[in-house]
Amino acid sequence: MKFRGHAHRSMDAKGRLMLTPEYRDQVYSDSPDGRVTLTIFEGNIVGFTPPDWAILEEKLTSIKSPSRKLRNFIRIIISGSEEVCLDKQGRITIPSYLRKSGKLDKDVVLAGVGDRFEIWDKREFEALLEQDFDDVSDELAECGVELPF
C-alpha cells in the first residue's frame, strides 16, 4: 500500500491542489520528476503514479473482445486521463474538464487508496463516510477477506 489516509484541502481558482507531504513523497519516489496521471472514475478524480498507471492501462488495453459497455468504460478512463506534474510548491493542477466531471469546487478531500489517490468533492466524501457498509461482509468473505473486528 502506498497512499493512505485522507486530508481536507482547498483548491484554488486555477484548479491547483496541494498534495499532502506523504502523497508528494510517494509521487516523487515513483516518479522523480513528479508526474501523476489523473482520470475520472465513479464521480471523483483518481491519481496514479506512472508505474501504476502503466499497469492499469496495460491491463485495460489487453482485454480480449470486451463488451461494448466495457469498451466505453475503457474509452472514458483512458481518453479522460491527463498527465500532470507537481509544481515547486507541491501542487498539481487539475484540468478544468476533470474538475467539471468530478464536480470539484474549492473544498475537496484527498483520499489514499493504496496504489492511487482520489480527489473528492468534500460533500460527496462526507456522504460516503456516512454510508453503512454492513452489506459488503458477504462479498469480503467470498474474496477470502475476514476483518478482525
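Predicted model: local features only at pLDDT ≥ 70, side-chain atom pairs only at ≥ 80, totals over all residues.
In which sense, left-handed or right-handed, does α2 pass α3? Residues are numbered from 1 along each chain as its sequence is written, and side-chain values rest on heavy atoms, with hydrogens and water left out.

The crossing of α2 with α3 is left-handed, the near helix being turned anticlockwise from the far one by less than a right angle. Helices (H or I, at least four residues) and strands (E, at least two) are DSSP runs numbered from the N terminus. Two packed helices are described by the angle between their axes and the distance between the axes. For helix α2 (residues 50-61) and helix α3 (residues 68-79), the axes come within 11 Å and cross at roughly 155°; axes are lines fitted to C-alpha atoms over the stretch in contact, with angles running from 0 to 180 degrees between N-to-C directions. The two helices are therefore roughly antiparallel to each other, a term applied to angles over 145 degrees. Contact, defined as heavy atoms within 4.5 Å, is made by Trp53, Glu57, Leu60 and Thr61 of α2 and by Phe73, Ile74, Ile77 and Ile78 of α3. By class, six of these residues are nonpolar, one is polar and one is charged.

A nonpolar core is a set of buried Ala, Val, Leu, Ile, Met, Phe, Trp, Tyr and Cys residues joined through side-chain atoms within 4.5 Å, where buried denotes under 20% relative accessible area (1.4 Å probe, protein chains only). The largest such core comprises 20 residues, of which Leu17, Leu19, Leu38, Ile92, Ile94, Phe117 and Ile119 touch the most other members. At least two residues of this core come from each of α1 (21-30), β3 (35-41), β7 (107-112) and β8 (117-121), and β3 gives the most, with three residues. When residues up to four places away in sequence are not counted, Ile92 touches Gly15, Arg16, Leu17, Leu19, Leu38, Val84, Cys85, Leu86, Phe117 and Ile119.

Positive phi values in residues other than glycine occur at Ser65, near 50°, and at Lys103, near 50°. Ser65 is placed in the loop between α2 and α3 and is exposed (over 50% relative accessible area), at 74%. Lys103 lies in the loop between α4 (96-101) and β7 and is likewise exposed, with a relative accessible area of 63%.

Conventions:
Parallel < 35°, antiparallel > 145°, perpendicular 65-115°, else oblique. Nonpolar A, V, L, I, M, F, W, Y, C, P; charged D, E, K, R; others polar.
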